[in-house]
Amino acid sequence: MRKKGLKDTVLLEEDDAIVLDNVTHVYTNAPVLKNVSLRIKKGEFVFIVGVSGSGKSTLIKLLLREIVATKGSVYVLGENLSTMKHRRVPAFRRRLGVVFQDFRLLKDMNVYENVAFAQRVTQVPRAKMDKSVPAILKYVGLAGKYKAKPRHLSGGEQQRVALARALVNQPEILLCDEPTGNLDPANSQEIMRLLNVFNRRGTTVVVVTHNKEIVDQMHKRVITVHKGVIESDIKFGEYEAGKYEDYDTQEYEEEEYEEETYEEEEYEAGEYDYED
């Protein structure tokens, strides 16, 4: 399937989740991203790493359509964000889930209300909401804290609420911007376990992170951004490039990430099934 970009014709494949075609973005005459091209398939788990100022956050903003590329084309789930009308943006974002480093929970709402808010804005029927919110809270281990306000939760618990809110609408893509940045190692491992489980269920997961230990352990695809360009793209990589072959140059047998610990648990959600 071919779709028109701003200047070029981009070949999109049916299983493409994200495609960037020669994308440049400029802030105050300084390019933050320079001629970046990449392709992420549906169902992939991808880390985007790099030092501060390398262009990672700009990339996330482009995928959320918070900003529009100065040059080139950005496609997410088949939609050209470079030419998308402003009125289409809210409907597009409902297909995505987003998790941030600082949680961004509504302080005056309890855990249940924070997660339910994501469904109220998309006008999910109350009957369905009454099933889906308790189900996702149970799945992230917070069934017993649904009445708690964010200030009474630990950082790890707050991030699990944020993750539940991002996932309750069953997004096709989950974007995570430093999701373990404010967490200790144990809570970081738990967040990554949950991301891994939902990825195995079919959600495309893109994680921007500085957490070298997590990246090295998980052996997922690692895209390294440096000074606005993609320095390396490794299929089963580590935080520092150079130890593995490039993404498309060699076939690998994927290693499971701590399979015994991270094996997907049976999900009992009553009548509400997240795989509908």
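**Close-ups of a predicted model**

Lys-212 and Asp-216 sit together in helix H7 (residues 212-218), four residues apart, or about one turn of the helix. This is a predicted model, where local features need pLDDT of at least 70, side-chain atom pairs count only at pLDDT 80 or more, and totals for chains, interfaces and linings use all residues. Residues are numbered from 1 along each chain as its sequence is written, and side-chain values use heavy atoms, with hydrogens and water left out.

View 1. The side chains of Lys-212 and Asp-216 meet in a salt bridge, 2.6 Å from N to O. A salt bridge here is a side-chain nitrogen of Lys or Arg within 4 Å of a carboxyl oxygen of Asp or Glu. Helices (H or I, at least four residues) and strands (E, at least two) are DSSP runs, numbered from the N terminus. An α-helix has 3.6 residues a turn, so residues three or four places apart point the same way. Asp-216 is buried at 15% relative accessible area, while Lys-212 is partly exposed at 36%. Buried means under 20% relative accessible area, exposed over 50%, and partly exposed in between (1.4 Å probe, protein chains only).

**View 2. Salt bridges between separate elements.** The count by this rule comes to 14 salt bridges. One of them joins Arg-95 and Glu-172, with the closest N and O atoms 2.9 Å apart. Arg-95 is in the loop between helix H2 (89-93) and S8, and Glu-172 in the loop between helix H5 (155-167) and S9, so the pair ties together parts 77 residues apart in sequence. Both ends are partly exposed: Arg-95 at 25% relative accessibility, Glu-172 at 35%. Lys-145 and Glu-157 also meet through their side chains in a salt bridge (2.6 Å, N to O). Glu-157 counts as buried at 12% relative accessibility, whereas Lys-145 is partly exposed at 34%.

View 3. Five of the five residues in S10 (residues 204-208) are buried. Thr-204, Val-206 and Val-208 are on one side, with Val-205 and Val-207 on the other, and both faces are covered. In a regular strand the side chains alternate between the two faces of the sheet. S10 pairs in parallel with strand S5 (residues 45-49) over four bridges, and Phe-45 has Val-205 as its bridge partner. Strands pair if DSSP finds at least two bridges between them. S9 (residues 173-177) also runs parallel to S10, joined by five bridges, and Asp-177 is partnered with Val-208.

**View 4. An open antiparallel sheet.** Four strands line up in the order S4-S3-S6-S7, with antiparallel pairing. Strand S4 (30-41) and strand S7 (79-80) stand at the edges with a single partner strand each, so one side of each is left without a neighbour in the sheet. S6 (residues 71-76) pairs with S7 over two bridges, and Tyr-75 has Asn-80 as its bridge partner in S7.

**View 5. Helix H1, mostly covered.** Six of the eight residues of H1 (residues 56-63) are buried, so this helix is largely enclosed by the rest of the structure. Among them are Leu-59, Ile-60, Leu-62 and Leu-63. Arg-65 follows H1 and has a positive phi, near 60°.
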